[in-house]
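I opened this structure to look up its charged residues. My notes follow.

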Amino acid sequence: MKTTVVALANQKGGVGKTTTAINFSACLAEKNKKVLLVDLDPQANATSGLGLEKGFGSSIFPALLGETDGASLIRETGIKNLDIIPSELDLAGAEIAIARRDDYLHRLQEALGPVVESDVYDYIILDCPPSLGILFMNALNIAHEVIIPIQCEYLALEGLGVMVDIVNQISEAGNPNLHISGILMTMYNVSTNLSQQVVQEVVKHFGDRVFETLIPRNVRLSEAPSYGKPVTDYDPHCVGAAAYRNLAKEFIKRSKKAASASAEESLPTLSDVVPPVAEDPAV
């Protein structure tokens with residue numbers, strides 16, 4: 001199997017992106033997939049969430065500058081089949097440092113290209129920063145697929161439309177393999193009408209692009225990072241762990257189905273996605 005690079009991306013913060021990066025990666029590893037998680041967020045929450053220290057010089061930053069190769073920065077996480085390239089605060093300087101280069105949108109491709117081509121990993125998961133900066137664009141230029149986590153609230157729909165337009169633009173401009181493999185609804189509250197309405201609205205516009213798996217609000221999911229563990233290690237029997245295991249299973253199933261498909265459906269644009277805001281939606 002060739003390595004598939006999957007970007008977890010949303011320019012809006014607080015949507016469960018890093019929680020998904022940690023637990024989705026761990027669940028793929030649990031299914032005997034060899035996974036590399038690359039923490040591209042200077043906040044380094046995916047790094048600490050897997051129990052690693054934010055050590056100076058350990059991020060992808062020096063590889064982006066061409067000072068070392070990406071493979072030398074890979075660290076074990078202590079979880080079978082799951083490795084990581086950590087992050088640290090100095091990665092915030094990458095936006096300025098690599099902006100001076102002519103190939104500033106392809107520095108991550110240079111840094112990780114040999115790792116991708118080696119096919120050592122089944123999946124490389126990119127935890128993108130919550131902004132539309134240079135690191136974000138670098139991630140989309142190397143990725144094959146994008147998973148967009150969005151919170152179950154109406155304001156998240158506009159951000160989803162922006163993401164769709166960006167992915168379409170990058171696909172047309174130089175990364176023709178890039179496509180959205182799924183939209184993941186997070187922080188779902190089964191007891192509120194609002195969560196259900198948002199899911200219905202997204203499904204209405206994107207159909208089967210939306211993962212059937214819904215990630216619920218779950219205390220254990222919130223607690224696990226403070227212990228440096230994915231939720232499957234922290235509390236393997238909680239609803240959050242079950243949800244991410246289902247996501248990994250659904251993702252693998254979709255990947256196999258997509259491999260046999262020859263064409264992809266076009267996605268709606270921003271103007272098609274953002275619906276009128278409902279007046280006083282019931283909660």
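I began with the surface: Lys31, Lys249, Lys253 and Lys257 form a positive patch. For such a patch, residues need over 30% relative accessible area and no salt bridge, and like charges are joined within 9 Å. Lys and Arg count as positive, Asp and Glu as negative; His and the chain ends are not counted. The place of a charge is NZ of Lys, CZ of Arg, CG of Asp or CD of Glu. Areas come from the Shrake-Rupley method with a 1.4 Å probe, and only the protein chains shown count as cover.

I noted that the model is predicted: local features need pLDDT of at least 70, side-chain atom pairs need 80 or more, and totals for chains, interfaces and linings use all residues. Residues are numbered from 1 along each chain as its sequence is written, and side-chain values use heavy atoms, without hydrogens and water.

I looked up Lys31 next. Lys31 sits in the loop between α1 (17–30) and β2 (35–39); helices (H or I, at least four residues) and strands (E, at least two) are DSSP runs, numbered from the N terminus. Lys31 is partly exposed at 37% relative accessible area (buried is under 20%, exposed over 50%, partly exposed in between).

Then I searched for salt bridges (a side-chain nitrogen of Lys or Arg within 4 Å of a carboxyl oxygen of Asp or Glu). The whole structure has eight. Glu30 pairs with Arg245, with the closest N and O atoms 2.7 Å apart. That pair links helix α1 to helix α11 (residues 239–259), across 215 residues. Arg254 and Glu250 also meet, at 3.3 Å from N to O. Both are in α11, four residues apart, so about one helical turn separates them.

Notes
Patches are made of residues with over 30% relative accessible area and no salt bridge: like charges are joined within 9 Å, nonpolar side chains (Val, Leu, Ile, Met, Phe, Trp, Tyr) within 5 Å. Buried means under 20% relative accessible area, exposed over 50%, partly exposed in between (1.4 Å probe, protein chains only).
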